[in-house]
Amino acid sequence: MKIASILREIPYEDHYPGPDEVESRLAGLTARHPRLVRRRRVGFSRLGEPIHLVSVGSGDRSVLVFAGPHPNEPVGFLTVPYLAELLCRADDLRLGHTWHFIGCVDPDGARLNEGWFAGPLTRRNYGRRHYRPPFDEQVEWTFPHHGDPQGELSMPETKALADVIDELRPALMCSLHNAEFGGVYYYVSDERPGMAEALTHLSTYTGIPVQTGDADIPGARSIAPGVYVVPSANVAGEAVSGGDGPETALMGASSLHYAARHGTFSLIVEVPMWADPRSGEDTDCGVRRADLLRATAALLADISPRIGALADPALVSLAVPGSPFARSLADLRRTSAALAAAFRSHAERAGDARGSVAEQLSFQQTAHTLRLRTCGSALRLIAGELAVGNSSPAMRSAGQALDGLFETWADEADADATGTPVPIAQLVGAQLGAVLTAAYQLSAS
């Protein structure tokens, strides 16, 4: 497979599409290739948005690719329609499979991110305008646990995806994600011969460094640079919550865990919107790993108290208590506190091992990402309150104070690593290359 030539043909993109544009691109593909492409509704979102499945080809085995399981991660909104179009033009790339696509599995959440999709694509603009759902509203993490396979599916979006998985029983399933900062990395459901090495090698063609620091799913096992096997849902949930926190209950299984009942090989592709070459440096950073972990824990533990001191006096009297930003903010505050406990626990077991440059960068960016997400979500919550007329002195004062805190935290993030914005076409290429590589490896095995 000539990955390099395929990636060179990906067109320039200057923005991320919202759900309407994604649907338009996929509907247009169906109209242009009526004998090859089928499109059908497979469910609805909580707010009544239709969710469609687009299928290309008629092979014996199925491949399922979906975008937007986290709606603040929009690279897949371009990868899906471009890959579907590519497979229509090049039947050899279909590898004898039927390919199935969902262009946006959480359209409600995606609409709450459209304010930054058109740019400018800076960390500040993203942080101020993004929306990250709480764990119990994330399509990716609301599947029933393996120990409770008949467990209730809490959201219609998750049920739609689960029904598709059960119907197709895909040989390969690819969930398209993007991180905010660092390098490219992958999660897989299990080890397959040659798969991890082929995925790592993709950076030769994409130009995006492989991230070799710790995985952001605690408990994941590294099998090659930037390639990790996802732990069980129980292990992941306990690690995020510190073992006894509310996230253990709120965080369900992922699509990867759910598809395992069908023997599916699953791949999660993570690409960074802002890259840093240090994400792949395994050299000694000059600091003990335990000290890096403790420093990160301190930053994470400070997030909720700092936000609370500025925002809580105003948030006791919300005009819109059911705002998605209120739920998101509460979840981010819980998550940062739980991760602080997890980092402290890891530090106690780290001994005298030295930390790598990649680990130092990864730990720092974990804290910076949570700071900016949490403060940005608080600002969006307060902006919504002001917009509906809840302009009390406490609300206005909280908005001004949080605005200053956001800028302080953004300056500190920039001081540690400004990052290079990765061209959108390059990000699409990294996701597309990973999907095609995984399909090829499975077909050749």
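**Close-up views of a predicted model**

**View 1. Strand S6 and its two partner strands.** S6 and strand S9 (residues 265-275) form an antiparallel pair over four bridges. Within this pairing, Tyr 187 lies opposite Ile 268 of S9. The model shown here and in the other views is predicted. S6 also pairs with strand S8 (residues 227-229), here in the parallel sense and over three bridges. Val 188 has Val 229 of S8 as its bridge partner. S6 spans residues 185-188 and is covered on both faces. Tyr 185 and Tyr 187 are buried on one side, and Tyr 186 and Val 188 are buried on the other.

**View 2. Leu 172 in strand S5.** Leu 172 belongs to strand S5, which covers residues 172-182. Is this residue buried or exposed? Leu 172 counts as buried because its relative accessibility is 1%, and the cut-off for buried is under 20%. Apart from residues up to four places away in sequence, Leu 172 touches Ser 62, Val 63, Leu 64, Thr 264, Phe 265, Val 435, Ala 438, Ala 439 and Leu 442.

**View 3. Packing of helix H13 against H16.** Helix H13 (residues 289-315) packs on H16 at an angle of about 155°, and the two axes are 7 Å apart. H13 and H16 are therefore roughly antiparallel, since angles over 145 degrees are classed in this way. The crossing of H13 past H16 is left-handed. On the H13 side, the contact is made by Ile 303, Arg 306, Ile 307, Leu 310, Ala 311, Pro 313 and Ala 314. H16 contributes Ala 394, Met 395, Ala 398, Ala 401, Leu 402, Leu 405 and Trp 409. An α-helix has 3.6 residues a turn, so residues three or four places apart point the same way.

**View 4. Packing of helix H13 against H14.** Helix H14 comprises residues 324-348 and packs with H13 at an angle of about 155°. The axes of H13 and H14 are 8 Å apart. The two helices are therefore roughly antiparallel to each other. H13 and H14 cross in the left-handed sense.

View 5. Helix H15 runs over residues 357-387 and has 31 residues. From its first C-alpha to its last, H15 reaches 44 Å, close to the 45 Å expected at 1.5 Å a residue. H15 is mostly covered, with 23 of its 31 residues buried. Glu 359 is located in this helix. Glu 359 counts as buried because its relative accessibility is 13%. Not counting residues up to four places away in sequence, Glu 359 touches Gly 213, Asp 214, Arg 289 and Arg 354.

**View 6. The loop after H15.** Gly 389 follows H15 and has a positive phi, near 100°. Ser 391 sits in the loop between H15 and helix H16 (393-416). Ser 391 is partly exposed, with a relative accessible area of 38%. Leaving aside neighbours within four places in sequence, Ser 391 is in contact with Leu 386 and Arg 396. Its C-alpha atom is separated by 47 Å from that of Val 287, 104 residues apart along the chain.

Conventions: Residues numbered from 1 in each chain as written. Predicted model: local features only at pLDDT ≥ 70, side-chain atom pairs only at ≥ 80, totals over all residues. Heavy atoms only, no water. Expected span 1.5 Å × (residues − 1). Buried < 20%, exposed > 50% of the residue type's maximum accessible area, 1.4 Å probe, protein only. Contact = heavy atoms within 4.5 Å. Pairing = 2+ DSSP bridges. Axes fitted to C-alpha atoms, helices over the stretch in contact; angles between N-to-C directions. Parallel < 35°, antiparallel > 145°, perpendicular 65-115°, else oblique. Left-handed = near helix turned anticlockwise from the far one by under 90°.
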